[in-house]
Amino acid sequence: MIKLILKLKDTELEQFNLEKETINIGRSKENDIVIDNIAVSRKHAQIEHKEGSGYVLRDLHSSNGTFLNGVQIDANDHELRDGDVIGLAKFEILVKGLVPAAKPAAKVLPQEDIEGTMIFDAARRKPSPEPQAIPEQKAFHWPVLSVIKGPFRGKEFKVTKDVITVGKGPHDDIHVGGWFVSSPNAKISRHGDRFYISHVGGFFSSTKVNGVEIKGDHILKNKDEVEVGNSIFLFTQSFPDPRG
């Protein structure tokens, strides 16, 4: 039996049997798999059984994205295999017991067709090689943190690493001052095309996004204002126009 195992870090939360043709996943109560977490969209992702293709996964234009084995997917069909891990915010869904879709059987020609057909030796045929398409490279745009308030107002910090730290320590990537600021105070990490900020400082320190204090991971969106200590940064990340 095909099972979907919902996990948070190393803790198994619930198991679901994959019995329906379509499984909806999200925060809303009408979903088949309900994940009651603010980082999960109301209608986040969908699993569907397609004849001849097995089960496929698609993202439903969620705010924080859907990941398959650590790679962010889009709204197109992505084939699921046994042992795959679906990522939604901090949650994981493990796919177990999924058997690959059976390939269609080779067509057997009737005897009358065989008698009138010349069979070529496959080893002797030399088909002309087909040109291989060059995969299109997706341009990635690193974001920029512009200081709009604080001692370094007007300065820009370009994020060029998967993980950077913000704090008052000499080893932090972006240095800020202020009372109770920790080292580090906040961490910004990359997941696919998106960036998340999390507060990693002490009890008396804080990290705010658009004036609201955060605790866990928080996705950063274009033009968000990040406040750490005595500095406020404007997060800017531009994406290429899909229309070209």
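1. Is Glu-14 buried, partly exposed or exposed? In this predicted model, Glu-14 has a relative accessible area of 41%, and because this value falls between the 20% cut-off for buried and the 50% cut-off for exposed, the residue is classed as partly exposed.

2. The setting of Glu-14 deserves a remark alongside its accessibility. Glu-14 lies in strand β2, which covers residues 11-17, and, leaving aside residues up to four places away in sequence, Glu-14 touches Leu-4, Ile-5 and Leu-6.

3. On confidence, the protein chain has a mean pLDDT of 84, with 80% of its residues at 70 or more. Among the elements of the chain, strand β22 (residues 231-236) has the highest mean pLDDT, at 96, whereas helix α1 (residues 111-115) has the lowest, at 50. Where pLDDT is low, the predicted coordinates should not be read in detail.

4. Turning to the sheet architecture, five strands form an open sheet in the order β15-β14-β16-β17-β20, and the pairing within this sheet is mixed. The edges are taken by β15 (174-175) and β20 (218-220), each of which has a single partner strand, so one side of each is left without a neighbour in the sheet.

5. Within that sheet, strand β14 (residues 163-167) and strand β16 (residues 186-191) run antiparallel and are joined by four bridges. As a point of reference for inspecting this pairing, Val-163 stands opposite Ser-189 in β16.

Terms used: Residues numbered from 1 in each chain as written. Predicted model: local features only at pLDDT ≥ 70, side-chain atom pairs only at ≥ 80, totals over all residues. Heavy atoms only, no water. pLDDT = per-residue confidence, 0-100. Helix = DSSP H or I, 4+ residues; strand = E, 2+ residues; numbered from the N terminus. Buried < 20%, exposed > 50% of the residue type's maximum accessible area, 1.4 Å probe, protein only. Contact = heavy atoms within 4.5 Å. Pairing = 2+ DSSP bridges.
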